[in-house]
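This report describes selected features of one protein model. The sequence and the structure are shown first, and the description follows.

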Amino acid sequence: MPETPGLAAAQQRELQGVSRGKNVCVVAGCEREAGRPGSARGMCNLHYSRWQRGAALTAPAQVLCATSGPCLFPSCEHIVKAKGYCGGHYSQLRRGQALRALYTDTPKAIRKVEQKARIKAQRAIPEVKARANERRRAKTRARWGLPPEASWEEVLRAIRGPGGTPYKNPKGYMMINIRLPSGRRTQRGEHQVVMEKHLNRPLLKGEVVHHKNRVRTDNRIENLELCYRAQPPGGRVTDLLKYAREILARYKDEEWLLT
């Protein structure tokens, strides 16, 4: 076992009558309760653990088990998280860094927080919010080529268009928002909508619209052709005849497709 620095002097003080009290750690400057007599050499559990590791016992032991209240770091008002320190200072302690003021506690960070709070409070004023909304709407009217006196309903109609504004999906097809007769809005491919308007009917099950030049954004009717995806399950004559009858029955009223 290593020698106990400071322990002999403390015991000598007790022999001279300068007793520090019963069941109190014998290390100078420590007021913690000592362990069971004969088991911890008269030291508290913290100093006895330090003595076993060979650490110095001259510094008084700090109480590092606080679980509430402010951080032990001076001028830090954050709530304790572990070993008496807040989360930021405990992280510095674990990394072996010198404890320093957190960035959120610096004057620069405090000024930023106060500035954001002032801006947020100012934007919450009804008059300021109304002026900001009007500036945004004026920019939107100018972007869509509408006069400044145009109502917001006219702006929305210009943005959405008769069937919505097309946009490109990740697969490269132009999609469009349309409103169903039930009132529900849904998304359809623009090439499908163009073909349905040309056929004057909705697409049937198994029908797909193909781009002739393979450019998925070119949705002119001259570039679109109607294809049928379904195929007979086998090559038997009975299957082929059944398939042919289904095709003829499906498109009997659309002879113009043969031209």
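V80 counts as buried because its relative accessibility is 8%, and the cut-off for that class is under 20%. In this predicted model, V80 lies in the loop between α2 (45-53) and α3 (87-94). Its C-alpha atom is separated by 9.0 Å from that of Y90, a residue 10 places away along the chain.

The nonpolar cores come next. The largest nonpolar core has 10 residues: C25, V26, V27, C30, A40, M43, C44, Y48, W51 and L57. A second, separate core consists of eight residues, among them A82, Y85, C86 and Y90. Within the largest core, C44 is a member; when neighbours within four places in sequence are left aside, C44 is in contact with C25, C30, R32, E33, A34 and G35.

| Element | Residues | Feature |
|---|---|---|
| α5 | 126-143 | 18 residues, 26 Å from first to last C-alpha |
| β4 | 207-211 | covered face E207, V209 and H211 |
| β5 | 224-228 | five bridges to β4, antiparallel |

The 26 Å reach of helix α5 is close to the 26 Å expected at 1.5 Å a residue. V128, A132, T140 and R141 are the buried residues of this helix. Just after α5, G145 adopts a positive phi of about 70°.

Strand β4 also has an uncovered face, formed by V208 and H210.

Definitions and conventions. Residues are numbered from 1 along each chain as its sequence is written. This is a predicted model: local features need pLDDT of at least 70, side-chain atom pairs count only at pLDDT 80 or more; totals for chains, interfaces and linings use all residues. Side-chain values use heavy atoms; hydrogens and water are left out. A nonpolar core is a set of buried Ala, Val, Leu, Ile, Met, Phe, Trp, Tyr and Cys residues joined through side-chain atoms within 4.5 Å. Buried means under 20% relative accessible area, exposed over 50%, partly exposed in between (1.4 Å probe, protein chains only). Contact means heavy atoms within 4.5 Å. Helices (H or I, at least four residues) and strands (E, at least two) are DSSP runs, numbered from the N terminus. The expected span of a helix is 1.5 Å times one less than its number of residues. Two strands pair if DSSP finds at least two bridges between them.
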